[in-house]
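Okay everyone, let's get going.

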Amino acid sequence: MRFSSNVKLYVLLLVVGIFLLLGYVYFSFFSEKLNRDIPVDEYQKNNSLSKPMVRSRVRNMVSSEKLLYKQPSILVGRTDVVTVTPWLASIIWEGTFDPVLVDNIYKPMNLTIATTVFAVGKYVSFLRDFLETAEKHFMVGFNVRYYVFTDRPHDVPSVNLTQGRHLSVIQVPGSNRWQEISARRMEIIQTTIESQISREADYIFCLDVDSKFHARWGAESLGRLVAVIHPGYYEQTRGSFPYERRPASMAYIPMDEGDYYYGGAMIGGFVEDVYTLTKVCRHRFEVDAGNSIEAAWQEESHLNRYLLYNKPSKVLSPEYLWQDFKAKTKEVKVIRFSGVIKNYAEVRPNV
C-alpha cells in the first residue's frame, strides 16, 4: 500500500516532534546538573541534612545608553600589581574598575546586601564607628541589612540609617575565651542564613566589628565567592604564611601548597555560597574539637583551607582590609577598610 503525501508529512512531523522532545529532556537534565553546586568534600556530598539553597540569579551586565565614562584600555592600567589570579578571578585594586560604570550596572538590580558583625563582650564598643563609617562608605545606594550578633543587646548604639538600610540585633552567648567566640562565628552565620538571611538578601559580607570604613566599598566587590588578601602577608611567599601545618587538623595545608593568605575579617559572596563555606568550616571545626585540636588561627585557618580548594571568584586587594598600625605602602593607593588599633588586654576576655 502506498502512503499518501499527507500521511508521509504527518509521519515526518511526528518524528521531528519526538526528536525535539528528546532533545529538550536531554538539555534540561544536563543543564540542571551543570547548574548544581559542586560538592566541596565528602562531608557536604553525603550529609543528608544539607539544606537546599536556591542559587542567586546571575544577572547580565547591562548599562544605560548614553552613559559617559572613561574609555577603558587593554594597554594602559595598573602595572605595579597583579590584577588577576591564575584561575582568572579579578583582584580588585584602585584603578582596575570604573565606579560610575559599576554603579550604573548594579544599582538597578535592586540587590540587598547582608552584613554580619559580632559585637560580643567589650567589642560592642567598636560598633558605633563601624556602623557610622559604613553608612558613609559601604554599599552606598544599595539595600543593606546589618545583622549584629551580641551578648549585650542593650549596649547596641542608635545609629541613623539611610533609606533602604536596616539593622537586626541577634542575641548570642558570651564566652570567657575569644577563641571560642571566633570558633562559633561560622556556626552562628550558618544557622542565621538558614533561618533568616537566605530570605532577605542576595549577597552577604561577614566583617569584623573592630574595623572602620575610610573610602568607597561598592559593587566592585560583589561576586559568587569573595575573599580578601591579608595585609600582613601579601608580600610574602607561601612558606611564610601562617597556615595550619599539623596534618592531624582539618585545616591542614602542606608547605608546598597555597595561593594567598586570606584575612578572616572578611568573607563575602552569594548568600548560598557563603552558607556552604560556613557549613563546611563549622564541620571541620567540630571534627578538630573532637580530636582536641584547635587550628593555629581558628576560623581563619579553616577559611584558608577552604579557599585553597574552592577558589574565590573575586579577590579583594589589601585596600579592603588594612591595619591601622601599618603605614600605607606604594601599592595601596586607597585604604577602604581597616582594623583599628586596640589594646587586646582590655577588650578580650583572655589574651
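This is a predicted model: local features need pLDDT of at least 70, side-chain atom pairs count only at pLDDT 80 or more; totals for chains, interfaces and linings use all residues.

We've got 8 helices and 11 strands. The protein has 351 residues, and 46% of them count as buried. If you take contacts with a separation of 6 or more, 76% of them involve residues 24 or more positions apart.

Now to the bit I wanted to show you. UniProt, in an unreviewed entry, lists Phe118, Ala119, Val120, Tyr123, Asp208, Val209 and Asp210 under "binding site". Those residues span 93 residues in sequence, but no two of their C-alpha atoms are more than 11.1 Å apart, so they gather at one spot.

Let's zoom in on two of them. Valine 209 sits in the loop between β5, residues 203–207, and β6, residues 211–213. Is valine 209 buried or exposed? Buried, with a relative accessible area of 3%. Beyond its sequence neighbours within four places, valine 209 touches Val117, Phe118, Ala119, Tyr123, Phe126, Leu127 and Phe130.

Next, aspartate 210, in the loop between β5 and β6. Aspartate 210 is buried too, at 9% relative accessible area. And what does aspartate 210 contact, leaving aside neighbours within four places in sequence? That would be Tyr123 and Phe126, plus Ser338, Gly339, Val340 and Lys342.

That's my tour, thanks.

Conventions
Residues are numbered from 1 along each chain as its sequence is written. Side-chain values use heavy atoms; hydrogens and water are left out. Helices (H or I, at least four residues) and strands (E, at least two) are DSSP runs, numbered from the N terminus. Buried means under 20% relative accessible area, exposed over 50%, partly exposed in between (1.4 Å probe, protein chains only). Contact means heavy atoms within 4.5 Å. UniProt positions are given in the numbering used here, feature names are shortened, and annotations may be inferred rather than shown by experiment.
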